[in-house]
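User: I would like to learn how to read a protein model. Please take me through one, feature by feature.

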Amino acid sequence: MAIVTLSRQSGSLGDEIGMLIARRLGYTFFDRKEIEQRIIAKGFPKERLKLYDERKPSFLANFARFRDEYLHYLSQTVLEMARENNCVIMGRGAFLMLSDVPSHIALRFVSTYEERLSHIMDLLHISDEKLAAKTLQASDKRQDGFYKSYFKYDLHDPSRIHAIINTAKMSPDMLAEMIVSGIERHVTPAIEKAGENRIEELILSQKIASKLIFEQKLPIDSLWVRIDGKKMTLWGIASSSATVERAITIINTDFPGFEIDTKINCVQDFRSNAKRVLADRRLGK
C-alpha cells in the first residue's frame, strides 16, 4: 500500500513508534541493523561502513569516490526495500531518496529536550545527567553532519517532510493509531501504482549510474541520474567533455530510447576557458 520513511531526533521514541506503525499495518520494518546488513551483503566493506553510517564523514572518508561508493550502496538498498512496498524505513536519508514517489509518506519525530534526555538515560542506562546530555548532543551533531555532507540537506528544513510529530504530547500507541489511520485513507490503488512506477524509474536511474561509475569507471564525481518517462537528465562533475560523450554513448547503447539532457560540469573545459580568458586579458582583448 505505502512506503513510510521515518527520521527522528535521538530520544524521541521514533524507533518504538515506527515498529508500532509497521505492526499495525502489517508492514516490514527496516531499521539500522537491517540496512547495514544489506549494504554489507552487496559488497561494501563492513569495517568501512562505520565511517559513513549516519555521521559526518572524516576528511579521508569524504573523498568524492569513497563518498559516492557509500551512497551508491545505500541508495540501492533503500530502493530495493521500497520496491518490496508496504514497508517502514528508519533513517539513513531514505525520505530524501524517495521524496517524489507518490505512495511515499515521510514522517519526522521530535520531542522536548527534557523528554529526550530522560529517554536516553533509560535506553542507555546512563545515571549521570551530564553524560547523557553529552551523548544526546553528540548524536544530534552526527545526524546533522550526515545529512549536510551527503544530501546537502538541513534537518530543520520541513520541506521534504509530510508531518513533524512531537512525541512528548501523546503516547506512542495513540500516535501510531493516528498515523496508521491517515496512511490507510491516503494511499489509494492509483497512488500505489504511480508509486511503483516511480520506484522502477529510480531503480533504473541507479542502475545506469552504477554502470557508468563502477563498471565503466568513468571519472564523474557526484553523478546523479534522473529519469522522468523517456527523458533522462545527468548531473555531476567530469574530467572532460570527452568523458560526458562516452557516458552518453554507453547509455544510448545499453539503455536506448531516452532523450538525454546532460548538466554535467567539466573541470578540464572550465580550466581551458579560464586560461583563455586570462590570455585574452593579457593581450588586451
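User: Where is His125 placed?

Analyst: His125 sits in the loop between H6 and H7. The labels follow DSSP: a helix is a run of H or I with at least four residues, a strand is a run of E with at least two, and both are numbered from the N terminus. This is a predicted model, where local features need pLDDT of at least 70 and side-chain atom pairs need 80 or more, while totals for chains, interfaces and linings use all residues. Residues are numbered from 1 along each chain as its sequence is written, and side-chain values use heavy atoms, leaving out hydrogens and water.

User: Is His125 buried or exposed?

Analyst: Start with the cut-offs: buried is under 20% relative accessible area, exposed is over 50%, and partly exposed is in between (1.4 Å probe, protein chains only). His125 has 73%, so it is exposed. Look at its backbone too: His125 has a positive phi of about 55 degrees, although it is not a glycine.

User: What phi does Leu13 have?

Analyst: Leu13 has a positive phi of about 65 degrees, and it is not a glycine either. Find Leu13 in the loop between E1 and H1.

User: Which residues does His119 touch?

Analyst: Contact means heavy atoms within 4.5 Å. Leaving out residues up to four places away in sequence, His119 touches Gly11 and Leu13. His119 itself belongs to helix H6. There is a polar contact to check as well (a pair of N or O atoms within 3.5 Å; within protein, one must be able to donate a hydrogen and the other to accept it, and residues adjacent in sequence count only if both atoms are side-chain atoms). A polar atom of the His119 side chain lies 2.8 Å from the backbone oxygen of Gly11.

User: What does the side chain of Ser149 reach?

Analyst: The Ser149 side chain reaches the backbone oxygen of Gly145, at 2.8 Å. Ser149 is part of helix H7. Its relative accessibility is 16%, so Ser149 counts as buried.

User: How do I read a helix?

Analyst: An α-helix has 3.6 residues a turn, so residues three or four places apart point the same way. Now look at H1, residues 14-25. Its buried residues are Gly14, Ile17, Gly18, Leu20, Ile21, Ala22 and Leu25. The cover over them includes strands E1, E2, E3 and E4 and helix H8. Just after H1, Gly26 takes a positive phi of about 75 degrees.

User: What span should H1 have?

Analyst: The expected span is 1.5 Å times one less than the number of residues. H1 has twelve residues, so it should span 16 Å; its end C-alpha atoms are 16 Å apart, which agrees. For H9, the 27 residues should span 39 Å, and its end C-alpha atoms are 37 Å apart, which agrees. Just after H9, Lys217 has a positive phi of about 55 degrees.

User: How far apart are Phe44 and His72?

Analyst: In sequence, they are 28 residues apart; in space, 9.8 Å, C-alpha to C-alpha. Phe44 is in the loop between H2 and H3. At 1% relative accessibility, Phe44 counts as buried.

User: How do I read the chain as a whole?

Analyst: Count the elements: eleven helices and eight strands. Then check burial: 45% of the 285 residues count as buried. Then check range: among contacts with a separation of 6 or more, 73% join residues 24 or more positions apart.

User: How much space lies in the largest pocket?

Analyst: Rolling a probe the size of a water molecule over the atoms shows where empty space is left. On a 1 Å grid over the protein atoms alone, a pocket is an open set of points where a 1.4 Å probe fits, with protein on both sides within 12 Å along at least five of seven lines; lining residues have an atom within 4 Å of a point. The largest pocket holds about 1,000 Å³. It is lined by 30 residues, and Leu71, Ser75, Phe151, Leu223 and Trp224 are the closest to its centre. H9 gives the largest share of this lining, eight residues.

User: How much space lies in the second largest pocket?

Analyst: About 860 Å³. Its lining has 31 residues, and the closest to its centre are Arg8, Ser10, Asp15, Arg32 and Ser139. Here H7 supplies the largest share, five residues.

Note on methods. Grid points are joined across faces, edges and corners, and a volume is the space filled by probe spheres set on the points.
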